[in-house]
Amino acid sequence: MALRDKVLGVLIAAVWGFNFIIIRIGLQSFPPLLLAALRFSVAATAIVIVSRPPLPWR
């Protein structure tokens, strides 16, 4: 496995773990359904901003 793959794996695990801290802090300020909607909106916005690679659909 390449070093780049290992670093990306650790980065994904770190972001995933940091997500639980953000959820705990967010639930002190927002109701659970609103927080879920906000997180979904941020994720959807990030998906729209990042362009798709120029590959055919097939």
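**Figure 1. Asn 19, a partly exposed residue in a predicted model.** In this predicted model, Asn 19 has a relative accessible area of 26%. Buried means under 20% and exposed means over 50%, so Asn 19 counts as partly exposed. The residue belongs to helix α1. From Asn 19 to Pro 31 there are twelve residues in sequence, and the distance between their C-alpha atoms is 17 Å.

**Figure 2. Ile 21 in helix α1.** Helix α1 covers residues 3-27, and Ile 21 is located in it. The relative accessible area of Ile 21 is 46%.

**Figure 3. A nonpolar surface patch with Ile 21 as one of its members.** Four residues make this patch: Phe 18, Ile 21, Ile 22 and Ile 25. The area of the patch is about 380 Å².

**Figure 4. The chain and its surface.** The chain has two helices and zero strands. Its C-alpha trace spans about 40 × 30 × 15 Å along the principal axes. The radius of gyration is 16 Å, whereas a compact globule of 58 residues would have a value near 10 Å. Among the 58 residues, 3% count as buried. The accessible surface amounts to about 5700 Å², and carbon and sulfur atoms account for 76% of that surface.

Methods:
Residues numbered from 1 in each chain as written. Predicted model: local features only at pLDDT ≥ 70, side-chain atom pairs only at ≥ 80, totals over all residues. Heavy atoms only, no water. Helix = DSSP H or I, 4+ residues; strand = E, 2+ residues; numbered from the N terminus. Rg over C-alpha atoms; globule rule 2.2 N^0.38 Å. Buried < 20%, exposed > 50% of the residue type's maximum accessible area, 1.4 Å probe, protein only. Areas by Shrake-Rupley, 256 points an atom, 1.4 Å probe, with all protein chains shown as cover. Patch = residues over 30% accessible without salt bridge, like charges linked within 9 Å, V, L, I, M, F, W, Y side chains within 5 Å. Salt bridge = Lys/Arg side-chain N within 4 Å of Asp/Glu carboxyl O.
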